[in-house]
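I opened a new page to note what I looked up, one topic at a time.

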Amino acid sequence: MREPILIDALVVGGGAAGLFALRELRRAGASVLLVEKHALGLGQTTASQGILHAGVKYALGGLAGDDAVEASAAAQLWEGMLADKEDLGAVRVLTRQCMLWRTSGFSGAAGLLGAKLALRTRPIPVESSVRPAWVGGVQGEVLSLGELVIDPISLLEELARPHAETLLHGAVAGITQNPDHVEVEIQGSPGIRVRARHLILTAGLGNQEMLGLAHLSGPPMQQRPLRQALIRGDLPMVFGHCIDGAKTRITVTSATTERTSGGEIGARVVWNVGGQIAEDGPGMSPDQFRHHAMEEISRCLPAVSFAGCAFASHDVARAEPHTRDGRRPPKAFTSTTGRITTIWPVKLVLAPLAAQSIVANLLPSVHAQTRWPEPLPRPPLAARPWDHAQWSELP
């Protein structure tokens, strides 16, 4: 066993929340290292649709609660980071405008009325003559919403790049909390021991395991299983939400992926579809989900043809602090017990706010900034969900 590495903080988990925590603490002068068991962003970050919600989606009932207000503030923070070439200016922005459209029923109209009244970022009506062709046949109102969508993989790359020497591919095997530090054992040959003044848990589903290793019972976690629909083919680039009352029937984001045909390389579009269908999906068989998802998507976007397209699905479990009714918590969550802090950002847009909230509690630094000793392995970058999906042709 090597001599312990002495640092101010160890971050466990290399998704967006962990990389933002690493970044903010290092910027504040702390000595921080990060360990990731699998791949950077595997799970919730790479499964994210990349939407930096401006709060409108959470105010569809007509009231701007804590979740809507916090998301709106976080979206403004993102705008500054993405505009700064010295910050996250290299992150790939897929669109700056999402569409918001309603079904023709009364409940859809009521939902959009609430969205219009709620927050600073308000949807703007789009006249029929300038609407994109893919919303043709939509009977209800169509609006444009100033909402950024980014490429989550690009975000991970830019967050990790300046701190590559502080990232370790390894598994935590033991955690011992002491009055003035936390002792962490990391599997390896030989094993690695870290003595950190603070332990930051940002491992999503893995947070519960880490708390168990530390012999802590809380904070309790809940899982919300989701099943995203994926459609691949010659499709338009679509970014937006179909609303029915206070619910989002579907949320669609788009990406391009290479294809090889007859020796030539071209591009095709992949839709990543969430919303209510993602909430419904885990209780269905694969065939039931495919039928349900395509039926809903076709109803929401009647002008789009899916001839020649392929379908797949992607399961992900959202890890969140426990709520009494099992619903999504309203705000980003941080909790500290002794020298161990647990973070669940709840939504991608809230990850930087969660990271910033812990900085004041962990400073001032008493150790010089350091790096993992060579030649310890660095964690790989996780693949996109559609790169490993099981595709089937649509009829």
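**Entry 1: the whole chain**

I began with burial: of the 395 residues of the protein chain, 55% count as buried. The model is a predicted one. I then listed the secondary structure and found nine helices and 20 strands in the protein chain. Next I looked up the contacts between residues at least 6 apart in sequence, and 75% of them join residues at least 24 apart.

**Entry 2: aromatic pairs**

I searched the whole structure for aromatic pairs and got five. I noted that such a pair is described by the distance of the ring centres and the angle of the planes.

I looked at Phe289 and Phe311, whose ring centres are 6.2 Å apart with the planes at 55 degrees. Why do I write "tilted" for this pair? An angle under 30 degrees would count as stacked and one over 60 as edge-to-face, so the 55 degrees of Phe289 and Phe311 make the pair tilted. Phe289 belongs to helix α8 (residues 286-300) and Phe311 to strand β17 (residues 310-321), and the two are 22 residues apart, so I noted a link between distant parts of the chain. I checked the accessibility of both residues. Phe289 has a relative accessible area of 1% and Phe311 has 4%. The cut-off for buried is under 20%, so Phe289 is buried, and so is Phe311.

I went on to Phe333 and Trp344. Their ring centres are 5.8 Å apart and their planes are at 35 degrees, so this pair is tilted as well. Phe333 is in strand β18 (residues 333-337) and Trp344 is in strand β19 (residues 340-344), so the pair ties together parts that are eleven residues apart in sequence. Is Trp344 buried or exposed? Trp344 is buried, at a relative accessible area of 1%. Phe333 counts as partly exposed, at 22% relative accessibility.

**Entry 3: charges over rings**

I looked for charged ends placed over rings. The charged end of Arg227 sits over the ring of Phe289, 5.7 Å from the ring centre. The charged end of Arg232 sits over the ring of Trp391, 4.3 Å from the ring centre.

**Entry 4: helix α6**

Which residues of helix α6 (residues 206-213) are buried? I wrote down Gly206, Asn207, Met210 and Leu211. They cover an arc of only 145 degrees around the axis, so they are on the same side of α6. I also looked up what covers these buried residues, and the cover includes β1 (5-12), β10 (172-177), β12 (192-201) and β19.

**Entry 5: salt bridges**

How many salt bridges does a search of the whole structure find? The search finds 17.

I took Asp8 and Arg197 to start with: their side chains meet in a salt bridge at 3.3 Å, N to O. Asp8 is in strand β1 and Arg197 is in strand β12, so the pair ties together parts that are 189 residues apart in sequence. Asp8 and Arg197 are both buried.

The side chains of Arg23 and Glu24 also meet in a salt bridge, at 3.2 Å, N to O. Arg23 counts as buried at 5% relative accessibility, and Glu24 counts as buried at 11%. I noted that a network of salt bridges links Arg23, Glu24, Arg27 and Asp87.

In the salt bridge between Arg299 and Glu295, the distance is 3.8 Å, N to O. These two are four residues apart in helix α8, so about one helical turn separates Arg299 and Glu295. Arg299 is exposed at 54% relative accessible area, while Glu295 is partly exposed at 35%.

**Entry 6: backbone checks**

I noted as background that most residues other than glycine have a negative phi, and that most peptide bonds are trans. I then looked up some exceptions.

His215 is not a glycine, yet its phi is positive, about 60 degrees. I found His215 in the loop between α6 and β13 (221-233). His215 is exposed, with 71% relative accessible area.

Val346 has a positive phi near 75 degrees. Val346 lies in the loop between β19 and α9, and it is buried at 6% relative accessible area.

The peptide bond from Glu374 to Pro375 is cis, with omega near 0 degrees. Pro375 is in the loop between α9 (351-362) and β20 (392-393).

Notes:
Residues numbered from 1 in each chain as written. Predicted model: local features only at pLDDT ≥ 70, side-chain atom pairs only at ≥ 80, totals over all residues. Heavy atoms only, no water. Buried < 20%, exposed > 50% of the residue type's maximum accessible area, 1.4 Å probe, protein only. Contact = heavy atoms within 4.5 Å. Phe/Tyr/Trp six-rings, centres within 6.5 Å; stacked < 30°, edge-to-face > 60°. Lys NZ or Arg CZ within 6 Å of the ring centre and 35° of its normal. Arc of directions from axis to C-beta. Salt bridge = Lys/Arg side-chain N within 4 Å of Asp/Glu carboxyl O.
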